[in-house]
Structure formats: structure tokens, C-alpha cells
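Have the viewer open as you read.

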Amino acid sequence: MADFSSLGLSDWLVRQCEQLGINKPTPVQEHCMPAILQGRDCLGCAKTGSGKTAAFVLPVLQKLSEDPYGIFCLVLTPTRSLAYQIAEQFRVLGKPLGLKDCIIVGGMDMVSQALELSNQPHVVVATPGRLADHIRSSNTFSMSKIQFLIMDEADRLLEQGCTDFTKDLETIMGILPAKRQTLLFSATLTDTLQELKKIAMNQPYFWESKSETRTVEELDQRYILTPEKVKDAYLVHLIQTFTDQHDDWSIIIFTNTCKNCQIITMMLREFNFPTISLHSMMKQKQRFANLAKFKASVYKILIATDVAARGLDIPTVQVVINHNTPGIPKIYIHRVGRTARAGRNGVSITLVTQYDIHLVHSIEEQTQTKLKEYPVEEKEVLKILTQVNVTRRECEIKLESTDFDEKKEINKRKQLILEGKVHFFFSNTPLHVQSKLEKVLSHGLTAL
Ligand code: AMP
């Protein structure tokens, strides 16, 4: 069995790992770290919770200690929370170096970020959109000498889906040196990554977790077949059972929309469950605060949308409940990856309606695991059905009386402006001016 020293890691880093309880390399670390230390490009496919962050953080810190300068390494990642977690691992493991890191993500002050970038941090961890904004708007920093470009959750960065990073990535690549080490890490191996492996990288070292399934073996994957109208009653019943049986359990519940997330949070609070939410309509500060409270076990139940599904590192979660069946197996894998992390046991329960059965089949195909039915006392669920549904309706009415929907609309518009997809005009702008504007801009116009 390999240890960190035999993989080529310096004594000071081995000691640093030991202090943090990281004593034995995980498979992705064992395989990828020697190749990275040898200077090779690397494409690592490993499950969530497999230790893939440390697999690149440790070699980068070792190389940095041999020739420290800034900016030495750029890490790109699709979500803000993941950026914070990666920076945290750099900071903790790189403490003896006095590592200077800088986090560049949306929702934070541009000016102070620009200042931090100009102070030549050793490591920059960024989401592509905000970093590209900085490149376009200032020339106070240089990335022309970076040694490492790392893309975490590379599948999502490179795919052109609902969040398309293509333009931002082009801008970023434009200021990076051709001579560098490129490391891509991903939970799933997509066609895009396969292509990249063949053409764009410098004969990369490639490693994929041998395990047939892409979800961890310690995870007990279950489902409950339920009509839509009975879902919430099952949810309340499940939480009741778990909290009755285990004092120290925490639960993450994934939902499909921000509004649903909010309503379920309100509803569970009515039942006195210690619940907190995490969704994209909350300010970044609020998201961090809620996450911190959940991590500190002030709240035992976190209701989240898929914004939170990626990259959250919450080692103590025992249960993941999917309030909706994810339509894309990859999303399912990321959601259930929040439990059974780093060798701990966990259970995931997916609430499935009769219309979702085909989705379960494609999840099973992708994970090569059959979901097992979760046994529930149906009688107990039916006893609370009316009370739960009435409570939900009351919460819906309460939410409708706030400006939640309006805020959502404003957020959507803000996003479109940021992406440069829409230009706004005031509704009292005369029609002939609007049509002129539309011709010049070749974009749609939306009234404010
Ligand atoms: P990741 O897959 O990078 O999200 O890592 C999941 C968790 O495993 C993090 O909390 C790491 O600190 C932890 N971890 C990483 N490497 C090891 C290791 N070799 N032994 C024990 N825990 C680890």
C-alpha cells in the first residue's frame, strides 16, 4: 500500500497531511499525484468524495515550494461554493508556505478582487465568468507565467449546456502561456473530455476509477414510489423517523426549484424540524451563513437546489433525499455524492412518481446499480397526509404574499444582463427609439 512519501511528496507536506488526519492516499491521489509531480498533464476521473481536490492541491504546493512566485496556479471551477472549498484546501495544506490565495467569483466586490489579483497571489481559484470579466476590464495582473491550469468539474466547464462557459474560457485561455501543466478533474467522463484527451492535451496521464459504478459502494441507494400529492407526507414521515432514531443525523433534501425549496423549508419549520435552505435566489453571503450553520449542526436539515449539489463538502451527512427525481443521471450522481463521502456510510432516498420511472431506469443504467425500494409504513404516512398538505398550502399562500416571484424575475434579468444576452430599456421609451435600438444591438430588448 502506497504512502504519501513513496508517491514523491516532500516531508513537510506529508507532515502537514498527517496533522489534518490525511494519512493514506486515496486511489485518485495514489495514481494521479506521481504523474503530476513528474510534470505530466493529467485527466482524472473520480467519484465525488474520492479526495480528488487534494490530488491536485498537494503536487501544486510541492512545485510551488520549489519556486514560489505569483501567479503560479489557476484553478477554474463551475460554482462559487466549490471555489471556496478548493481555496480552503490550498490554504490549510499550504499553511507552512504562507500561501497567498485569491478567490474570484461572482457576487463579490470587483474592486477588492482586482486589488487582490494585482498583489500576485500564488494561487487563483475562479469561476470562469467573473475571471473573464476581470481580464476584459483590467490589465493590472498577468497570468502569462502560470505553471498550472486546473479545471475541476471539467465536464461541466467544457460542456455547452444551460451555463455555457465557452466565451469566458476563450478569454481566459487567451492570457495563459502555452507551456504549462494542464490538469482536468471530473466526476464523470463525458464525450467532450474524451475528445480533449485525444486532441488538446499533451499526452495526458489518464486515470479513471476502476469501480464499475460511479456512485460509492458504501451508499445505500433507495427509492419510494409515490403519487405527487403524497410526496410531502412521505418527506415529513421520513424526517420524523430519522430524527426519532438518530440524534446526530443530518439530512440534505434536494428540490427542483428555488420556490419549492423555500416552501418546503417553511413547511418543515411548521413541523418544528430544524431546517435551513440553500438556493440561487439567496445572496452569496446568506448562502455561506446558512451552510456554516448547517455544518455546525445548528440546523440538521438542509433543503437545496442543484446549485448546491456540486462541490459542497459536508462530511457528516447521513441522508440525501431527492424530493424530485433528477432528469439527468449526472445530477443524481452529484446529489447522492453528498453522502457516503470518504468511506463513511450513507443512504439516499429518491421520491419517484409514476411519471419518473423511466428516469430511474436511466439513473440505474448510468450508475450500474439497482435502486432498492425503501420500506415505509404507508398507514403512518396516510395519517399525516391531510395535515401536511394543508400546511404546505398555507406556506404557499404565505410565500405568494411576499415579493419572492418578483425577486426571481429581477435575478433572471440581472443574469441575462451579466451574460450580455439582453439589453434593457425603460417602458416609457418611445416605440421608434426601441425599434432603432433593437436594430443596432441585434439583441432582444426587455422592458424594465
Ligand atoms: P473531495 O473528493 O476532494 O471533495 O474530498 C472529500 C473529502 O475527503 C475532503 O473533506 C478531504 O479533506 C478528504 N480527504 C482527501 N484526501 C483524503 C485522504 N487521503 N484521507 C482522508 N480524507 C481525505
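Six aromatic pairs turn up when rings of Phe, Tyr and Trp (its six-membered ring) are paired if their centres lie within 6.5 Å; planes under 30 degrees apart count as stacked, over 60 as edge-to-face and the rest as tilted. The model is predicted, so to speak of local features pLDDT of at least 70 is needed and side-chain atom pairs count only at pLDDT 80 or more, while totals for chains, interfaces and linings use all residues. Residues are numbered from 1 along each chain as its sequence is written, and side-chain values use heavy atoms, leaving out hydrogens and water.

Two of the pairs are set out here.

| Pair | Centre distance | Plane angle | Class |
|---|---|---|---|
| Phe56 and Phe90 | 6.5 Å | 50° | tilted |
| Phe242 and Tyr374 | 6.4 Å | 55° | tilted |

Phe56 belongs to helix α3 (residues 52–66) and Phe90 to helix α4 (residues 80–93), so their pair ties together parts 34 residues apart in sequence. Helices here are DSSP runs (H or I, at least four residues), as are strands (E, at least two), numbered from the N terminus. Phe56 is buried at 0% relative accessible area, and Phe90 is buried at 0% too; buried means under 20%, exposed over 50%, and partly exposed in between (1.4 Å probe, protein chains only). Together with Phe185, Phe56 and Phe90 form one aromatic cluster.

Phe242, in helix α10 (residues 231–245), is 132 residues from Tyr374, which sits in the loop between β14 (372–373) and α15 (378–400). Phe242 is buried, at 4% relative accessibility.

Now to the strands: Asp101 and Ile103 point one way from β3 (residues 101–104), Cys102 and Ile104 the other, and all are buried.
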